[in-house]
Amino acid sequence: MAGRPRFLCGVVEGFYGRPWSMEQRKLLFQWLKRWGLNCYMYAPKDELKHRLLWREPYTEHEAACMQSLIEAAQEQGVEFVFAISAGQDMVFSSAGDRLLLQQKLRQVAAMGCHSFALLFDDIDPCMCQADRDVFPSLAQAQASVANEVYRELDQPSIFLFCPTEYCSSLCSPSPSQSCYLLTLGQELLPGISVIWTGPKVVSQELSATLLEEVEGVLQRRPIIWDNLYANDYDCRRVFLGPYTGRAPGLMPRLRGLLLNPNCELQANFIPIHTLGSWFRSELGSCAHSDHAGKETAAALGDSQGPQEGSYSPQEALELALHDWVAEINRQALEPVSMQVPEGLPPCSFLPGGRTPGQPSISLKGGTRLQPSTAGGQEVMPDAQPHDSVPSVADQDGPEPCSVAPGEGRKKVTSEPEKGSESRTPTGGRQSPTGDGDQLTTGSRESCEPSSALPSTAGSAQSTGTSVATETLHSPGPPMCCSNGANTSQNLPLPTSDARTGGGSSPQPPSSTQTEVSRADMPPKPPGPGACTSPGPPAPLTDEVGASPGPTAPLTPEETGSSPMALLTLEEAGSGPTVLLTPKEARTSPTAPLTPEEARFSPMASLTLGEVQMLVELFYLPYHHGPLAQHLLEHFRWLRANSLSVGVPATAPDDCEGMQWRGRAQSFQLLCAQTCRLHSHFVSSASRALLYDLHPYLWDIRNMLLAASAFVLWLDGHLLCDPDPKGTWGSCFGWCQSITAPILLGGDAEPWARRGGLFGELQALLPVGNSCDLFCHPPPLFPSSQLYLLHPLLPPDKGELYRMCQESLNCDPKVAEILAAYPDLLGDRLLGSFLSLSPEYTFVLEDEGGPCGYAAGALCAEGFLQQRDSSWLPAMRHKYPRDLGAGAPALGQDALEEALLFFHTEPPAVPLPVLRRFPSLVQLGTAPRVLDVGASRSLAICLLSALRANGSRGVFCQVSAADQQQLSFYSKLGFVALPVAWGISPGARLLGRLL
């Protein structure tokens, strides 16, 4: 090989989970070409014939698909590297296994592939007895196999080797003293390049100094397998932030760099786009270095865009955001047709990239609302997913590039290529991939939605869509108020409708301890196919008072208009937080349009500000974006200072209370904005993007619904001096002492912090450490419905009663009785809670008004005694016993059940139940609530309120025949109690410890 080999920079499909489809890979090749990248490695861990069944040759059909893929890569100027993982069960000393490996690679070489990789990652380092008899060490056994295969393939110019010790943390005791690596460096032939992931499996930073040590041990420059964006270790995390944490000047120390990205292809637009910016910046730096050689200049000629200037992740992100907005909205404008791969039912499309076995969920229509009915259906009847696959647009120009990781370095923004603003994407739609595109034999069938081919690079304005530029940062907390300012009183229940400006404001529970960490045990670390990433915005931290990284300050104009800016004390006033109904949210300036409005409006496209919000919610493994950091900061501060608005109030002049309410208002606005983002995303995104990213955004939406309502509840409902054995603060202190040694290590891999933003928000709730109990799959058909969750307000009673009555289908005779007694069903389901325990009632609203409730009693024993002694006698007087007498009719059973409840002496709850589970809960939703996430948020909020005031357990009554409710409660951690209770013999008591 004359001169220095070409630097490889691109993508490795090396994650665990469902492999990408052939069409998705071909889309990826176009992205790589457009952004100046030159390499793709085929290494999907769960493709059977890559790893588990590596000995089996490809069938004729599979070989044809593979050859088509290789040719597609070559057409785009992308180097196709075929990788095989044979280390799990290979007998290195077996001539048969060696021959099968060589035959498999020769078969792929005959398809036109010229580059190969042999992977020995994530395997048992112990050799079998037959190998120990032949080889003195694992390194010598692997090197022997690799050298033989390399020679058999006529020493290809690109032949990669992934060692079992592929990062510093896996080396014993260190890379420079690792006998395994030292042996590999001596034994491997010089033409074989070695793969390395950096200091850790998911390396936060890569520097030239760290790579010098590895280069010395391996006696060759390594090729980086970069797990910056790999998310296969955590089903609740996806990473959309810019490529960062890689020091400038790495290229002279490397043979190449391959990014192992998110499992969801559509989530990788910004990661790969910014990788291209980094690569062009590095090439530009090398072009001016004496040691770079003519080869670098040739590589520069093939790449797109200007080359000078150091890499800035923030500038690269801004360029990528504009291009992604244009691409998202161009895809959304394509004609839509729901096409199903052959042999699959219409609802078998999977919402995520790694849950292929999820069953579809059928809708069970209900005609009556029962005391514990929580909507669990997950079907959207009017779902409109998009599926657009346009052809390649004009790609004669590159994306602009500019970048530089690190503070204080010179930042140079490259000028965009001439004519880039005038380019318009064109192309037609393609149908989704069929079953024949999968190479996996006997593995799960792929039903990945077909992806849209990328439009040409350019500014968002080229699409003709509007681009919002609202600022997404908020300033610090409000300053203390002056003496004599108006203050609101803390009442057990809000005294005015918050939807009209008089509701109670939110506030988190009090706690001065540091934030609790989740006690999830880390899973088995992934191989080189796991993720890594640093980032400037906001490092993950477990300090209650932690502040985010530096963010751009707001101008006075931006401060006045930004929806994320904290309110001033004058704006917050002494009144509680103002709630917007879903209808009002729709009409607010930042609210997305309804699906009906979107059909007739050209302004329905996602804006730049909304896409930026999406990126900041799901940023990088070790760093939160500004929006996510602001949410966490507000919630931590509100939780730590919640006693200032507790009962009784601790601040006589209520100065602290006003400051708390101002910050609570800001938190409410952030939550509302994120919920609107979810709604608009569902109604505007293409099908491919929707099904890749919706599960993550849905999770965050649900958690913010619960957190926002809980903060509202804290203002005036948190007991400042409950039972010291059951306080919320004690709960957090106990959990902190248990989990801190496990999860707070600075050297921990990112899978030690499960769930990302979702997990951290949930850990701040009083029941957050039971996060694994709140496990519901995302809906197969996403809904754009806007929900609002808040504590009970005075006007809610009448609307909830109407909801209870409207949920019952009945004949005219029963309807006539209900017209004469309109409160009958409401009193049966909710009356006792609204009369005796209104402070533990939460209301779920959609655009049609209240559609669900969660009610509870902190002390069930006292609540039941008061109900039996005073409330039930009043109900017996209000509703005569013979009111429901008559012939059987539709709705008659519900009427008779309510009257039976009022006029029958209720059985006593067993004392052991009341001692172990002192609180009573009840949930109900209208039949129109099809999103189980909203019901889950209701439950989380109520349980958090009860736990915050000292409850250590809750119980509820559910009909034994209601399998949907039994399943719903079981996923919240409820278990059947071995006692009988209730009027109905089929009733069951379920309990859950808090």
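Q: What makes up the lining of the largest cavity by class, and how are nonpolar, polar and charged residues told apart?
A: In this predicted model, the lining of the largest cavity has seven nonpolar, four polar and two charged residues. Ala, Val, Leu, Ile, Met, Phe, Trp, Tyr, Cys and Pro count as nonpolar, Asp, Glu, Lys and Arg as charged, and the others, Gly among them, as polar. Local features need pLDDT of at least 70 and side-chain atom pairs count only at pLDDT 80 or more, whereas totals for chains, interfaces and linings use all residues. Residues are numbered from 1 along each chain as its sequence is written, and side-chain values use heavy atoms, with hydrogens and water left out.

Q: What makes a space a cavity, and which residues line the largest cavity nearest its centre?
A: A cavity is a set of points, on a 1 Å grid over the protein atoms alone, where a 1.4 Å probe fits but cannot get out, and a lining residue has an atom within 4 Å of a point. The largest cavity is lined by 13 residues, and Arg237, Leu617, Phe618, Gly756 and Leu757 lie nearest its centre. The elements that give two or more residues to this lining are β10 (623-624) and α20 (756-763), helices (H or I, at least four residues) and strands (E, at least two) being DSSP runs numbered from the N terminus. Its volume is about 100 Å³, where a volume is the space filled by probe spheres set on the points, which are joined across faces, edges and corners.

Q: How do you know that strands β1 and β8 pair, and in which sense do they run?
A: Two strands pair if DSSP finds at least two bridges between them; β1 (residues 8-13) and β8 have four bridges, in the parallel sense, and therefore meet the rule. Val11 has Leu259 in β8 as its bridge partner. On the side of β7 (residues 223-226), four bridges also join that strand to β8, again in parallel, with Asp226 opposite Leu259.

Q: What do the strands from β1 to β8 form?
A: They form a closed barrel of eight strands, running β1-β2-β3-β4-β5-β6-β7-β8 with parallel pairing.

Q: Why does Ala855 count as buried?
A: Buried means under 20% relative accessible area, exposed over 50%, and partly exposed in between, with a 1.4 Å probe and protein chains only. Ala855 has 0% relative accessibility and therefore counts as buried. This residue lies in strand β13 (residues 849-857). Contact means heavy atoms within 4.5 Å, and, leaving aside neighbours within four places in sequence, Ala855 is in contact with residues including Leu830, Phe833 and Tyr840.

Q: Why are Gln155 and Gln219 put in their accessibility classes?
A: Gln155, at 47% relative accessibility, counts as partly exposed, while Gln219, at 52%, counts as exposed. Gln155 lies in the loop between α5 (138-152) and β5, and Gln219 in the loop between α7 (208-218) and β7.

Q: What makes the phi values of Gln155 and Gln219 worth noting?
A: Most residues other than glycine have a negative phi. Phi of Gln155 is near 50°, a positive value in a residue other than glycine, and phi of Gln219 is near 60°, likewise positive in a residue other than glycine.

Definitions and conventions
1 Å grid on protein atoms, 1.4 Å probe; cavity = no way out; pocket = protein on both sides within 12 Å on 5 of 7 lines; lining within 4 Å.
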